[in-house]
Amino acid sequence: MTTIFAEGRRAAQTHILTPRLETPFHARLAALDTLNEWYTWSGCKAPHALSDPELEYFAIRSTAALFDISPMVKYRIAGPDAERYLNRLTLRDVRRLAVNRVHYTAWCDDHGHVLDDGTLFRLGETDFRLCCQERHLPWLLDSAFGFSVDIREETEAVAGLALQGPTSFAVLAAAGFGDVQQLKPFDSTTLPHDDVSVTISRTGFTGDLGYELFVPRARALSLWDRLWTAGAAHGIRAIGYDALNQARIEAGFIVANGDFITADGALRADRVRMPDEIGLDWLVDPDKPHFNGRNAILAARRNQTLKNILVGLEIEGNIPAEHALVYHRRKHEAGIVTAGIWSPTAKRNIAIASLERPYGSLYKDDLWVEIYALRELKYQKMMKRAKIVPRPFLRLARRSATPPGLR
Amino acid sequence: MKSSDTLQSSYDVIVIGAGHNGLAAAAKLAKAGRSVLVLEAAAEPGGALVGREFSPGYRSAGLGHILNRLDAEAARDIGLDLAVGRSLAPTTALDGSGRAVVLRGAYGEEVEGVSAADADAFYRLRKKLIFQAAVLKRFLRRPPPRLDGVSPGDIAGFAAAGLGLLRKGRGEARDFLRMLLMNVADVADEYLADDRLKGLLAFDATLGIHLGPRSPTSLLGLYYRLTGEISGKPGGQIVPEGGMAALAPAFRRAAENAGVTIRCNTPVARVLVDRGRASGVLTEDGTEIAATVIVSAIHPQKTFLDLVDPAESDTGFIRSMRNLRSHGNVARLDLALDRLPTFSGLPADARHGRIVLVRSMEQVETAFNPAKYGEFSPDPVMEITFPSLADPSLAPPGGCTLSALVQYAPYRLKQGWESGKPAFLKILLDTLEQHAPGIGWSIAAADLMTPVDIEREYNLPGGHWHHGELQADHLLVNRPINAASRYATPVEGLYLASAGAHPGGGISALPGWNAARHILAGATP
C-alpha cells in the first residue's frame, strides 16, 4: 500500500520532472553552447557562458552581445488606477514617467526595507510592465486593495532579449528595426515583428549602448533568428551571465540577492536594507504622494538610524576581491565586498561593497580589503588598500549618444 | 442637542462616531480646552446604546444588557451624570429543569441553587479568576506598551503587574502563567462539578467571541469580563437608574456640557490625508472640515479600508487590517410581550438581572460547532433581560419587553440570513417556550437582528460589537493590529478610539478616554 501511495503521489507531481524550465530561446542557446554550464535563474535554465566568457564580455564592449532575459520576472499592471497604484507601490514618482518611457525603481515593505528593484515600463497611459528579479505576485495583489487595477504575471508569456554593445543599433537597423534610431536612453517603442509587435527599449544592464526587446513567447525564435541573421556582419555573439555580470559591475548596477538581500528573502533580521543603505536613496521621492515604506524611510533619515551604506571601491592590485572583508585601519571590520572584478575596460580593480556605518559614511579613508586567493591548496592572504570611488566605474559616451553610433 | 446649522470650517479635533467611546474622547478633549466636533452618521448620538422602536409602543434599549465595566474614573473625569446607586444585579442560570442557579453580589459572591460543596468550589475558582484578572486590569487604562523602545512607564507597568502577581507567592504566579491561555472548559472542569455553573462560565467566556469553551485561549473572554468592575466590585453588574436607555443621553450630556458640538445625520465620506498627515474630513454631503486631530471612534476597518484612501497606507498595514477578524456571532432578539413572562425556577428577585439559558458547557461547545462552518446553532444559548422592568417607558402599560443575546449566529451564514432568519427565530421562540411555557401566547411582536442586521442598524462592520475579535492575537499590543495599537496610527493626526482599540469592547469608555488622554499627552505612534 505504501508503494502504491508513493507512486500515486509521484504521478501527481509531474512538475518535479522538469525542475528547470527552458526559456523560449533555449533551442538557440543550446545549439551555440559548448560548455554545458547552466545555472538556474528564476526556475529557468540559463547559461553561465556559452563558449568563452572572455570573448562574450568583449562582445558587449566591442560589438554586439545577445543575452536571453526571458527568466526576468515580469508583471503587467493595467487599469484606470495603474499609475496611482504603482505610485503607492514604488519609490519614484510614476506620474513623471511618460508613455513609452522606462525608469529604474525599487519598492519597499512597511518597514522601508527593499523588496526588490527593477524597471518600470509605461506602455500606455494606463498600461505598465514591471520587471524584476524576484516574484512578488502576492504583494502586488495585496497592494491592489482599493485600486481599480488588473495585475498579471507574464514572465512565461513574454520572451525577452537584451542586445547590448556598440554595434547593437547597427544590428537592429540591419534587422529592419531602424526606427529605434530616435530612441534616447530609457525610451521605448513598439514595432511590428511577424504578426505581432515587439517592444524595444533603449535600456540594459551593461552601461553600454544597448536595447531590450520583449515579444510574445510564440515569436521568440523568429525574433532571435531575425537579429542573428542581421547581426552576422556586426559581430553578434550570444552570451551568458558571467560576461554580463562583469559589464554590470563596471556600470555600477546592483543585483538583488547579490549586492543586497531582499526583505522577503532575508532570514536574518539584520540583513534587510533600506534604499539609503544600498545606494538607492536617489529613488526616494518624499514630495510625491504616499508610498510603501515612506514613514519608515523618512523616520530613519530623521533619526539617523540607517545602519549600512553601499559604496564603490577601487582596490590596489589586480586580484578580484569578491566577498572579501573590508577593514578600517586594517583592524576594524567595516563590511564586505558584494561584487568585485578586475575591469577589463576600465583597467581597474573594482568592487561594490556593503559597509556598516559609520564606515563609508563618516570614516571614508584608510579602508582595506582582505583577499584570500586559493593557490594550489594554499591561501595567499593579501591586505590591499581600497579607496571609495563613485559609481559607475565606467562611463561610455556611446551609451547615451543619440542618434546612436553604428559601431 | 447642540447642532447649530452652520459648522465652523475647522476645529481642533473632529471625532468620527458618537458612540459612547467617541463621546468620552470628545468630552475629555473638550474639557482640556480643545474645540471638538463629533460627526455621527445616525440620527442620534449613542452608537450601539441607542434603542429603537421595534414594534409600535415597544422600544429596545440598545445592544447592551447590563453595565459591568464602566470605568469609574473615566466616568467621573468626563462628567458622566449617571445614577448607578442601585445594588448589584444577579445572574441566573436556567437549564430548563426549574432548578435555578443564582449568582448574587459581584459575579457570585454568593451562589444559590447548588450544593455547599459546589458553592465552595465556585468561590475558590472565583477568587482565583478575580485575582488573576486584577493583574491584567493594570493594563486597561494605559496605551499598550511599545515593542520598540520600551518606555519607563511601560517597564513600571510590567513591574507592577509582576509584583502584583508575586504578592501571593510563586505558586499563584505559576498558576497565572499556566492558566492565562487555557480554555475555559478545562479550567471549569478542574474546579467545578455542577453542569449549570460550568455552562454559565462557558457562556460568559465566549459571548461575543468566535470561540467555543473548548477552543484554546477561551478563558481570556472570562478574564476580560472580570477585569470590569462596578462600584469597586470586580465582576459586578448593574442596570442603571432609568435602565440602559439612560446611558446614551448621559454620554451626550457629558460631551455637550464639556462644550462638544455634535452633528448627527452626517456620515463622513473621507478622512483627508496627504503624505501621511491627516488634515480633516469630507462629509458625504460634500463639506470639508479641517482639524489637526481626527479621532476615529468607529470600526478600525471602516476607518482604514474605507474612510482613509488605502493609497495613504502601506500594503502590510492594509493587509493586517483586512485580516482583522470581525464577524459577529451574536444575534439580538427583542420580544414585545403583553405581560411579564414566568420562567420556571427564576426567583422573582432575580428578574431584574441577567438570565442565562444554558444547560452545560457541552451545550455551549456543541452550539459553537456549526458556527465554524457558517451555520447557526440548532440548540443555542442566550442571555435574557427584561429592559422594561428598569425603564417602564419601553413598553405600554402592563406590557413588557424581553431582550435576548443569542449565540451562535454567524455573520456569514452559509444559507444566507434571508432564509436563515425565520428558521433561527423559530428555534429561539421554541427554546423560550420550553423555559417559559405559554410565553408564545403573550408575544405581540418578535424582532430578530442577525449580525447582518446589527451591522446595518448600528454601522457596525461584521455586526461585531467588539469591533474585532477579543482574542489573544487582537489584544493589547495587537489591538486592533500592532501598527495601530497605541491609539496613534501610521497616519499622523489620526487616532483610533473605538472598541477596536485597546482595551476592547463593552461599555467601559476606556478606548475613548485612553485615546483622548494619550492625545493630550502628545501621543506618538
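A: A residue is buried if 20 or more other C-beta atoms lie within 10 Å of its own, exposed if 12 or fewer, and partly exposed in between. Please note that this is a predicted model.

Q: Then how does A:Asp52 count, and why?

A: A:Asp52 counts as partly exposed because it has 16 C-beta neighbours inside 10 Å.

Q: And where is A:Asp52 found?

A: A:Asp52 is in the loop that lies between β2 (44-49) and α3 (53-62) of chain A.

Q: How many residues apart in sequence are A:Asp52 and A:Asp242?

A: They are 190 residues apart in sequence, while their C-alpha atoms are 9.8 Å apart in space.

Q: Changing topic: what domains is chain A divided into?

A: Chain A comprises domain 1 (19-72 + 156-251), domain 2 (73-153) and domain 3 (269-389).

Q: What does the contact between domain 1 and domain 2 of chain A take from each?

A: Ten residues come from domain 1 of chain A and ten residues from domain 2 of chain A. On the domain 1 side, β10 (188-193) and β11 (196-201) of chain A are the elements that give two or more residues. By class, that side has three nonpolar, six polar and one charged residues.

Q: And how many residues of chain A are in contact with chain B?

A: In chain A, 15 residues are in contact with 14 residues of chain B.

Q: Which element of chain A has the largest share of that side?

A: The largest share, three residues, comes from α5(A). The side of chain A that touches chain B divides into three nonpolar, six polar and six charged residues.

Technical notes. Residues are numbered from 1 along each chain as its sequence is written. Chains are lettered from A and ligands numbered from 1 in the order in which they are written. This is a predicted model: local features need pLDDT of at least 70, side-chain atom pairs count only at pLDDT 80 or more; totals for chains, interfaces and linings use all residues. Domain bounds come from an automatic or database domain assignment. Two residues are in contact if their C-beta atoms, placed from the backbone, lie within 7 Å. Helices (H or I, at least four residues) and strands (E, at least two) are DSSP runs, numbered from the N terminus. Ala, Val, Leu, Ile, Met, Phe, Trp, Tyr, Cys and Pro count as nonpolar, Asp, Glu, Lys and Arg as charged, and the others, Gly among them, as polar.
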